[in-house]
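Hello,

Here is the structure I promised to pass on. Please have a look at it before you read my notes.

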Amino acid sequence: MRHRRWWVLALGLCAVLGVTGCTQADASRSVPSSPSGSPTGAAVPTAPAAPTAGASSRTAPASAVQHVVVIVDENKPATTIIGNPSAPYLNALAAASARATDYSAITHPSLPNYLALTSGTTGGITSDCNPPGGSCLVPGKNLADEIHASGRSWKMYAEGMPAPCTASNAGRYAVKHDPFLYFPDVTADHASCADHVVPSTSLSADLRSASTLPDFAFVSPDLCDDMHDCSVATGDAWLARTVPAILHSPAFTQQRSLLVVTFDEGNSGDNTVACILAGSAAAPRASSATAYDHYSLLRTIEVLWGLPPLTSNDAHATPMLDLLRR
């Protein structure tokens with residue numbers, strides 16, 4: 001009887017060790033590889049894991065999003081981006097993340113699309129005019145107003161901007177790609193504008209902690225890196241350097257956060273553009289054929305944070321909730 005008890009105990013110990021070993025092995029296999037910062041020959045970005053802050057973050061509703069980062073590239077219909085071998089990083093990100101396959105710009109040229117995305121209206125502007133002089137402005141509320149009123153923080157990061165709140169073109173910095181400088185209530189207080197509309201060189205420092213990255217960040221590459229004046233490959237290389245730093249930041253690894261990469265417009269014959277949702281708040285390897293546009297993206301941000309719509313355009317737009325992790 002004593003030998004039998006020892007035999008039972010031994011079997012029990014082996015079973016425990018076996019289960020533990022299997023659990024450890026499975027866990028090691030489930031750790032995703034990191035998205036690579038290399039634009040060519042890089043490891044394919046994997047679907048981002050849920051935040052590691054706790055089990056509750058994995059089951060939080062879609063509205064529980066701490067940070068939203070939007071990157072807007074330039075003047076390319078989706079057909080020239082998706083499947084293009086000159087954009088290996090962006091295509092790998094699209095495959096691993098969520099993609100809206102029928103996402104359209106609002107109009108032409110660039111500026112009205114940026115304004116629509118951030119204020120719910122083009123403001124009657126039909127050109128790429130510059131804001132100085134007061135003839136090319138959009139009065140009324142905008143997304144920055146509503147984010148601030150909700151107690152959240154925001155920043156616009158513009159590559160090539162020579163100084164904060166610069167409202168004129170400089171080198172490869174184009175003010176037409178910085179919509180917040182067209183809103184008088186943003187620019188009226190220069191000190192406040194300089195705190196919120198900044199050169200993109202500030203982004204790396206702000207990414208160091210979840211508390212320093214603003215709740216909403218709008219990132220505009222310069223005229224070369226956004227594919228406006230330079231090649232798709234050049235823009236893709238910029239994304240390969242920039243996006244991993246965002247996805248690997250504490251705001252994205254420790255909190256539920258969303259990155260959106262899209263384009264302001266397509267071309268005269270095709271205004272359907274690529275729109276990719278990535279990060280811990282995005283549904284991995286998901287796609288949606290629902291007809292979305294820039295007003296839909298604005299509405300998505302409003303719904304996530306309980307903000308009222310700015311105009312009838314975003315009020316009637318369908319939020320892109322089917323592309324978010326539940």
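Below is what turned up, starting with a helix, then a sheet and some aromatic rings.

A word on the basis: this is a predicted model, in which local features need pLDDT of at least 70, side-chain atom pairs count only at pLDDT 80 or more, and totals for chains, interfaces and linings use all residues. Residues are numbered from 1 along each chain as its sequence is written, and side-chain values use heavy atoms, with hydrogens and water left out.

Helix 3 (residues 88–96) has seven of its nine residues buried, so it is largely enclosed by the rest of the structure. Buried means under 20% relative accessible area (1.4 Å probe, protein chains only); helices are DSSP runs of H or I with at least four residues, strands runs of E with at least two, numbered from the N terminus. Among the buried residues are Tyr-89 and Leu-93.

There is also an open sheet of three strands, in the order 8-3-11 with mixed pairing (strands pair if DSSP finds at least two bridges between them). Strands 8 and 11 each have a single partner strand, so one side of each is left without a neighbour in the sheet. Strand 3 runs antiparallel to strand 8, and Tyr-103 has Val-273 as its bridge partner.

Finally, four aromatic pairs were found in the whole structure (ring centres within 6.5 Å; planes under 30 degrees apart are stacked, over 60 edge-to-face, the rest tilted). The rings of Tyr-114 and Phe-218 have centres 6.2 Å apart and planes at 50 degrees, so this pair is tilted.

Best wishes

Technical notes
Buried means under 20% relative accessible area, exposed over 50%, partly exposed in between (1.4 Å probe, protein chains only). Rings of Phe, Tyr and Trp (its six-membered ring) pair if their centres lie within 6.5 Å; planes under 30 degrees apart count as stacked, over 60 as edge-to-face and the rest as tilted.
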